[in-house]
Amino acid sequence: MLSILLPAARRSTPEDAQTVWGDLRVALASVAAYAPGVDVVVGWSGRERPEHLPPNPHVRLLEQAEGITTGSDAWNWCARQTDADELLILGDDCVLHPDSLRLLLEDVAVVAQVAPQLTPGFVGARSNYVKGVQNVRHGDPATRPAIRFPEEDQVLIADMVVPVAAWIRHETFDSVGGFPSTNWFADDLICFDLAAKGFTHFVSRSYVHHVGQRATGQGRSDHDLWDQGMAWLRENRPDFLREKMGIRT
């Protein structure tokens, strides 16, 4: 069984308490259309409960528990709301394409067949707003045809996967305690910790559209988020700073 985890947090005024859920409505419309029959855990946090969502009997709309202050905490809380064997981490500002889920699950199966010696951690989709090789702008310009890079039709091994849309086994996710309790660097850290336990991350042929930083960016600049993330790393994960960023504290 697969569950889609989709936490959504938006700050608002009384005047825009419902309009702030526009991203969520679009994301759920794509889920209803292109992932029919799949269990969806929507954990919301905001001034008002989201209304006028696309009809989907498989969506569970749950208010996040008190005390959740980061996106990481929200993902972890959503994961605890399902006993599904497999999870699809999906941002609330993402839009599935018609073949996003099909290609992602096909590539999970391909990895198991072609490289049975490797245990997958995250298998992540490509996107327009994501770092590293997942970004569809990444590639050799000399080999680019009119539309896309040839590499986009390949499944790639990656040091880390940004889970804008990413598959992972529930037990794998739980094996490292889920995402660390920080906004920036949480995806880097969980991939780092999973790799240390012997898991391998993959980039799928799948693609999703991603608006980017719609929740974590509310009221904070990239500079602010970077500084907060670095402060958290210095206090909690000097091993990551040392091994991945070459910074000694």
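Reader: Is cysteine 191 buried or exposed?
Author: In this predicted model, local features need pLDDT of at least 70, side-chain atom pairs count only at pLDDT 80 or more, and totals for chains, interfaces and linings use all residues. Residues are numbered from 1 along each chain as its sequence is written, and side-chain values use heavy atoms, without hydrogens and water. Buried means under 20% relative accessible area, exposed over 50%, and partly exposed in between (1.4 Å probe, protein chains only). Cysteine 191 has a relative accessible area of 0%, so cysteine 191 is buried.

Reader: How many disulfides does a search of the whole structure find?
Author: A disulfide is a pair of cysteine sulfur atoms within 2.5 Å. The sulfur of cysteine 191 has its closest cysteine sulfur in cysteine 94, at 15 Å, which is too far for a bond. For cysteine 78, the closest cysteine sulfur is also in cysteine 94, at 14 Å, again too far. Over the whole structure, the number of disulfides found is zero.

Reader: What is the relative accessible area of cysteine 78?
Author: Cysteine 78 counts as buried. Its relative accessible area is 0%.

Reader: Where is glutamate 171, and is it buried or exposed?
Author: Glutamate 171 lies in helix α4, residues 170–175; helices (H or I, at least four residues) and strands (E, at least two) are DSSP runs, numbered from the N terminus. With a relative accessible area of 61%, glutamate 171 is exposed.

Reader: What distance separates the C-alpha atoms of proline 36 and alanine 125?
Author: Proline 36 sits in the loop between α1 (22–34) and β2 (39–46). Alanine 125 is 89 residues from proline 36 along the chain, and their C-alpha atoms are separated by 19 Å.
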